[in-house]
Amino acid sequence: MDAAAESIGVCYGMLGDNLPPASEVVALYKTRGIQRMRIYDPNQAALQALRGSNIELMVGVPNSDLQTLASNPSNANSWVQRNIRNFWPGVKFRYIAVGNEVGPTTGLAQFVLPAMRNVYNAIASAGLQNQIKVSTAIDMTLLGNSYPPSQVCDGQRGYQNLFDAMLDALYAALDKSGGGTLDVVVSETGWPSVGAFGAIVDNARTYNSNLIRHVKGGTPRRPNRATEAYLFAMFDENNKQPELEKHFGLFFPNKQPKYTLNFGAAERIWDVTAGNNASVYLSRDVL
């Protein structure tokens with residue numbers, strides 16, 4: 001498996017009324033050679049189906065749970081026992097994302113850090129702190145200023161695409177705030193096939209296939225170090241809003257691929273079944 005394939009996962013969203021059962025989804029990940037998965041809450045059917053699959057998992061703490069987990073360490077201990085320890089080591093947990101796209105001015109913002117601390121302490125109590133990382137998934141709009149990098153050039157660093165520029169803007173912010181040793185995981189990135197200007201199957205195929213190749217080389221600010229990224233998303237999800245959000249799937253709900261995509265030399269090539277502003281789709285979330 002090459003470095004690009006090792007760096008890529010796929011988000012498994014479940015906001016659809018016509019999606020296959022979790023056991024079939026996990027089987028699809030395995031047959032297509034997808035080795036990493038993100039789920040947005042500790043769905044018990046998905047966790048059960050993942051046992052023994054060898055798929056590395058990013059599991060989310062829903063925003064609705066943040067206040068409860070922040071308020072009392074025992075609540076975090078119970079959450080970790082129920083959703084992590086009950087499935088470890090059969091499920092290969094890689095990350096716990098405590099909260100998703102919580103804005104700094106929202107009422108939930110105050111609970112993110114204490115919830116993260118309590119979850120981390122619960123993980124440490126289980127002796128898993130070196131196995132599972134605890135973080136949060138932020139919306140890129142949290143970055144108030146994208147300098148540096150500035151526009152498409154930053155000193156000696158040149159930028160050929162928005163993905164690298166956005167990611168390096170985040171690295172620059174981390175450097176400035178004393179977090180320069182942290183790694184960033186792109187927890188959502190993708191392109192829709194319907195629903196807005198430029199949202200067509202050919203563009204989705206081009207973006208995702210190029211991304212798989214591109215992430216192995218890192219960014220101008222972090223060169224020669226593969227970027228871990230999760231494509232959004234496994235399926236079209238018909239219960240999402242607005243319309244655009246329904247059409248990010250790499251697969252249709254019947255498990256047929258929307259277009260050709262190759263995750264690496266050791267993996268199967270997907271069969272072809274189908275012949276807004278770009279920055280909206282590029283780097284949606286980071287961990």
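K240 and E245 are both buried. They also pair with each other: K240 forms a salt bridge with E245, with the closest N and O atoms 3.4 Å apart. This is a predicted model. In total, the structure holds 13 salt bridges. Side chains of opposite charge can pair when their charged atoms come close.

- K246 sits in the loop between β9 (229-231) and α9 (279-282).
- K246 counts as buried because its relative accessibility is 17%, and buried means under 20%.
- Leaving aside residues up to four places away in sequence, K246 touches D236, E237, N238, K240 and Q241.
- S193 is 53 residues from K246 along the chain, and their C-alpha atoms are separated by 9.2 Å.

**The E243 pair**

- K246 forms a salt bridge with E243, and the closest N and O atoms are 3.3 Å apart.
- E243 is partly exposed, with a relative accessible area of 40%, whereas K246 is buried at 17%.
- Salt bridges that share partners also join R36, E56, R94 and E228 into one network.

**The E56 pair**

- The side chains of E56 and R94 meet in a salt bridge, at 3.4 Å from N to O.
- E56 belongs to strand β3 (residues 56-61) and R94 to strand β4 (residues 92-100), so this pair ties together parts that lie 38 residues apart in sequence.
- R94 is partly exposed, and its relative accessible area is 23%.

Methods
Residues are numbered from 1 along each chain as its sequence is written. This is a predicted model: local features need pLDDT of at least 70, side-chain atom pairs count only at pLDDT 80 or more; totals for chains, interfaces and linings use all residues. Side-chain values use heavy atoms; hydrogens and water are left out. Helices (H or I, at least four residues) and strands (E, at least two) are DSSP runs, numbered from the N terminus. Buried means under 20% relative accessible area, exposed over 50%, partly exposed in between (1.4 Å probe, protein chains only). Contact means heavy atoms within 4.5 Å. A salt bridge is a side-chain nitrogen of Lys or Arg within 4 Å of a carboxyl oxygen of Asp or Glu.
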